[in-house]
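The sequence and structure come first.

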Amino acid sequence: MRLPLLILSLLALTGSMLGQSTLPNDLNLLVDEELLSLFNEVDGDSIAQERIARVYLERARMEKDTIKMARGYDRLARIYHPERNIQFADSVIVLTKSMKHITYPALGYILKGYQYLRLNDLTNATKNFLLAYELAEKRENVHQLIYLTKMIVSDKIIWGNKRNALSMQKHIDSIISNENFIDVIKKSSRSGLHNSLGNQLLREKITSKQNLAFCYLNLKVLDSAELYVEEAQELLLNFFEFDRKGIEVYSTTLLTKIYFYKKEYVKSLKIIDSLLVNESIIFEHDVLMDLYYYKGMSLTELGYEIEALDYLKKADSIHSIGDVSIQPYDRQLFEALLNYYKKEDNNEMQLKYLDKIIQIDSISKINYQYFEPEMIRYFETPRLLAEKEELINKLESKNRMASLSNGAIISLLLLSTFGLYYYFNRQLLYKRRFKELIAYTQNENFELNSQYSNLSKPSNELVENILQSLVVFERNKEYLSQKISLGYLSKRLDTNSKYLSQVINMEKDKSFTQYINDLRVTYAFKKLAADPVFRKYTIKAIAWECGFKTGESFSKSFYKKYGIYPSYYLKSLEKKESPD
C-alpha cells in the first residue's frame with residue numbers, strides 16, 4: 001500500500017471534507033467547528049490552512065484550553081514539509097502527554113509516524129504508531145485503533161509476517177462489520193463529527209475490503225484478492241464522498257496487479273490504459289508509478305521490450321522525483337532496466353541502476369531487520385559492489401581512450417592552424433589594446449574592477465531564499481551528483497549563478513567548488529565511520545559514490561579538509577574496530 005490511501009485514511013480520522021472554498025474576510029467571526037471544517041475544505045492550500053490553524057490556535061491560547069491548543073498544533077502538523085510537521089506533532093505530544101484524553105496525545109504520535117512514513121523512515125514511523133496504539137488501547141479509542149492497525153498491517157504485509165498481517169486485518173474487518181460500530185466510534189469522536197459517521201462507516205468498510213485484497217495479493221492468493229476488490233467496488237456504488245475517485249482508482253489499480261500476477265497481461269494492460277487516458281484523474285505519484293511499472297512489466301512479458309522500456313523509464317523517473325514510498329518490487333524495476341542496458345552494453349546506465357539497486361537494498365535491509373530479520377540473507381550486496389567496481393573500471397578505461405583520441409585530434413588541429421592564429425591574434429591584440437587606451441583616456445573614473453560594477457548585491461530576501469534552498473540541497477544530498485556545477489545549481493535553485501556564487505562566498509566563506517567538495521568529503525567521512533559495507537569500497541568507488549570523477553580529486557579534497565588521506569582514515573577505522 002503506497003501513501004495516497006494512507007493520506008485519505010489520516011484525513012478521515014479527523015473527519016475531513018475536501019472541497020473548494022474561499023476564506024472569509026474575518027476568520028475570527030467563525031465558531032470553532034466552522035474553522036476546523038474550513039481547514040479541511042481548503043486542503044492543498046497550505047497558506048490558507050496555516051491562517052485558519054493560527055486563528056484557531058491563538059483563540060485556544062487566549063482561552064487557555066490545552067485540548068484546543070493541541071488541535072491547532074495537530075492541524076499545523078499536516079501542512080508543511082515532514083521535518084517541520086514532526087516538530088508540530090511533538091508540540092501536540094508535549095502539551096497533552098500527562099493528560100488522559102481519548103484523542104491526545106495518541107494523535108500526536110499518529111501524525112509523527114505518518115510524517116516519518118513520508119520520509120521513508122519505516123522504523124521510526126512504526127515505533128510512533130505502536131506508541132499511539134498503546135495509548136488508543138488504554139483510552140478505548142476504537143477509531144484510532146482501526147487506523148493504526150491499518151498502518152501496521154500495511155507495513156507488516158510488505159516487510160514482515162504476511163499471515164500475521166492478514167489476521168490483524170480480518171480482525172479489523174469484523175469490528176467494522178459489527179452493527180454497533182457507529183455507537184462505538186461515537187465515543188471516540190467530537191460531537192461535531194457525529195453527523196458524518198454514516199459516510200465514515202461506509203468508507204471504513206470499503207478500505208477494509210481493499211486492505212484484505214492487498215493482503216491476499218501479497219500472499220499471492222489471487223482469487224481471494226480479486227473477490228475482495230469486487231466487494232469494495234460494490235460498496236463504492238453507494239459512496240459519494242470527496243475521496244471517492246481516489247478510492248476507486250486504488251481498487252482499479254489493485255485489479256491490474258492481480259491480473260498481472262495471474263499472468264493475464266492483456267487484461268492488466270486494458271485496465272491500465274483506461275486509467276491513463278482518463279483526463280479527469282489526477283494521479284498521486286505512487287499510483288502513477290505503479291501503473292507505469294505494471295504496464296512496462298506486462299509489455300515485457302508479452303515480448304514488447306522496446307515499448308516496455310519506455311514505461312519502465314517513466315516509472316523510474318517518478319521514483320527519482322521522490323515523494324513515493326519504498327517497496328520491495330522497486331528492486332525488480334531497477335533490475336529490469338539494468339538487464340536491458342546489459343544487453344545494450346551501456347556501462348553508464350548499468351552503473352546508474354546498480355547504484356539504485358544498492359540503495360534500495362540498503363533501505364530494505366533496515367526495514368526487514370525491523371520486521372523480518374530472516375529476509376536479510378536474500379541480499380547480494382558483495383556481488384553488486386564487485387559488479388559496480390568492474391563497471392567503474394570499464395568507464396574510466398573508456399574515458400582515458402577517448403581523452404587520448406581527442407588529444408591527438410586537437411594536436412593536429414592546433415599545428416595546422418597555428419600560423420594563421422598567430423597572425424590574426426596579434427592584429428586583434430593590437431586593436432583591443434588601442435580601444436582600451438582610448439576608453440581609458442575618455443573615462444576619468446575608469447576602474448580596473450569595472451567588470452563587477454554592474455553586478456548588484458543580492459537583497460537580504462534573496463540571500464535568505466538562496467540559503468534556504470541550499471539547506472534543502474544539502475539535506476537531500478544533491479551534491480553527490482556528478483552533474484553539479486555552478487550553472488546547473490543556479491538553474492536548479494531558480495537564481496542567478498553570480499548571486500549564488502556571491503552568497504556562498506559571503507555566507508559560507510568558500511568558493512563554490514570548495515563548498516561542494518567539502519560537502520562531499522564530509523559525507524564520505526561520516527558514512528565511512530558509520531557504514532562497514534561502505535568501507536569495503538575502493539577509494540575510486542567511494543569517490544564515484546560521493547560525486548567525484550576521480551579518486552585523486554577525492555583524496556586531495558579529503559586531505560585538504562581533514563589533514564589525512566582517505567586511505568589512512570580507512571585503515572585506522574578498520575584497526576579501531578578489529579579485536580585486539
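Beyond its neighbours up to four places away in sequence, Q169 is in contact with K150, V153, S208, N211, L212 and C215. The model is a predicted one. Q169 belongs to helix α9, which covers residues 162–177. Its relative accessibility is 0%, so Q169 counts as buried, the cut-off being under 20%.

R118 is part of helix α6, residues 106–118. Because its relative accessible area is 29%, between the 20% and 50% limits, R118 is classed as partly exposed. Between R118 and H81 there are 37 residues of sequence separation, and their C-alpha atoms lie 9.2 Å apart.

| Residue | Helix | Relative accessible area |
|---|---|---|
| Q169 | α9 (residues 162–177) | 0% |
| R118 | α6 (residues 106–118) | 29% |

Helix α16 consists of 17 residues, 305–321. From first to last C-alpha α16 reaches 24 Å, close to the 24 Å expected at 1.5 Å a residue. Its buried residues are A308, L309, Y311, L312, A315, D316, I318 and H319.

The largest nonpolar core has 75 residues, of which L470 and F473 touch the most other members. Helix α15 supplies the largest share of this core, with 9 residues. A separate core of 72 residues lies apart from it and includes Y56, I152, L219 and Y259. Leaving out residues up to four places away in sequence, F473 touches E478, Y479, I484, L489, Y515, I516 and L519.

Conventions. Residues are numbered from 1 along each chain as its sequence is written. This is a predicted model: local features need pLDDT of at least 70, side-chain atom pairs count only at pLDDT 80 or more; totals for chains, interfaces and linings use all residues. Side-chain values use heavy atoms; hydrogens and water are left out. Helices (H or I, at least four residues) and strands (E, at least two) are DSSP runs, numbered from the N terminus. Buried means under 20% relative accessible area, exposed over 50%, partly exposed in between (1.4 Å probe, protein chains only). The expected span of a helix is 1.5 Å times one less than its number of residues. Contact means heavy atoms within 4.5 Å. A nonpolar core is a set of buried Ala, Val, Leu, Ile, Met, Phe, Trp, Tyr and Cys residues joined through side-chain atoms within 4.5 Å.
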